[in-house]
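I am keeping these notes while I look up side-chain contacts.

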Amino acid sequence: METKKIEQAEDELRAEHPNFDPNPYWMCYRFKDAKEGMMEILHHLLGKKAKWNKDYDEVATWLTDSHFKGLLIMGEYGTGKSLICCKVIPLLMKVKTSRGPSIMLSAFDLNRYAEVLGKGHHKIIIIDDVGVESELVEYGKRSIVFNEVVDRAERLGQTLILTTNLSEKELTSKYGNRTIDRLKFLTRKVIFSGESLRVPKPTEKENREEEM
């Protein structure tokens, strides 16, 4: 078969089907001094209350070289998953590349953003608390938006950065083996362990002392 005919067929399919991409462009992140950058941002956000969880080392390793994969952070409540995924990583990306994630949302809002996500325009997608969302029901038809997000990410080469409180068994029960298999291909899994790191908001006195 001639190469020109294959290339012509690709061009025609792209014109007919905007989401057709036989060779999606996968993004790879290689941030120099990623751990130091994460620590600096943590101190910026939390001040003296900033703590470095040993599990953050794996995130720093991913940021140093993502190997063309996204990130799936699993773990119990309060271990810093949302802090790292929804604050530290976006800020680090913005500082290092001047480009942050294309869209950030809680899984609670997945159904509301189903149409926006369906357009496939977002290269970096951050979703916090995967698993808390319900099924989408439209005109009597039920669908699981997260399954569609994962499917689209594989087809279009989108980077997924996700957090969840669910175990792999619970994720499989909710989304099925097919989606979990794709998640394993698309993301690096990191498990945050330990006790809750949540701290009360600083008092006005503590704020003043920190500024002195």
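Is Glu-154 buried, partly exposed or exposed? I looked up its relative accessible area and found 25%, so Glu-154 is partly exposed. I note here that the model is a predicted one.

**Entry 1: the partner of Glu-154**

I looked for a charged partner next. Glu-154 forms a salt bridge with Arg-182, and the closest N and O atoms are 2.8 Å apart. Glu-154 belongs to helix α6 and Arg-182 to helix α8 (residues 177-186), so this pair ties together parts that are 28 residues apart in sequence. Arg-182 has a relative accessible area of 17% and is buried, because the cut-off for buried is under 20%.

I then turned to Arg-155. Arg-155 has a salt bridge with Asp-151, with 3.2 Å between the closest N and O atoms. Both residues lie in helix α6 (residues 145-156), where Arg-155 and Asp-151 are four residues apart, about one turn of the helix. Arg-155 is partly exposed at 35% relative accessibility. Asp-151, at 19%, counts as buried.

Glu-154 is partly exposed, as I wrote above. I checked which of these residues are connected through shared partners. Salt bridges that share partners join Asp-151, Glu-154, Arg-155, Arg-178 and Arg-182 into one network.

**Entry 2: another pair, and the count**

I also looked up Glu-135. The side chains of Glu-135 and Arg-142 meet in a salt bridge, at 3.1 Å from N to O. Glu-135 is partly exposed at 39% relative accessibility, while Arg-142 is exposed at 58%. How many salt bridges does the structure hold? I read a count of 12.

**Entry 3: aromatic rings**

I moved on to the rings. The count of aromatic pairs is five. In one of them, Tyr-29 and Phe-31, the ring centres are 6.0 Å apart and the planes stand at 45°, so the pair is tilted. Tyr-29 and Phe-31 are both buried.

Phe-146 and Tyr-175 form a tilted aromatic pair too, with 4.7 Å from centre to centre and 50° between the planes. This pair links distant parts of the chain: Phe-146 is in helix α6 and Tyr-175 in helix α7 (residues 168-175), 29 residues apart. Phe-146 counts as buried at 1%, and Tyr-175 is buried at 5%.

Which residues form an aromatic cluster with Trp-62? I found that Tyr-29, Phe-31 and Trp-62 make up one aromatic cluster.

Note on methods. Residues are numbered from 1 along each chain as its sequence is written. This is a predicted model: local features need pLDDT of at least 70, side-chain atom pairs count only at pLDDT 80 or more; totals for chains, interfaces and linings use all residues. Side-chain values use heavy atoms; hydrogens and water are left out. A salt bridge is a side-chain nitrogen of Lys or Arg within 4 Å of a carboxyl oxygen of Asp or Glu. Buried means under 20% relative accessible area, exposed over 50%, partly exposed in between (1.4 Å probe, protein chains only). Helices (H or I, at least four residues) and strands (E, at least two) are DSSP runs, numbered from the N terminus. Rings of Phe, Tyr and Trp (its six-membered ring) pair if their centres lie within 6.5 Å; planes under 30 degrees apart count as stacked, over 60 as edge-to-face and the rest as tilted.
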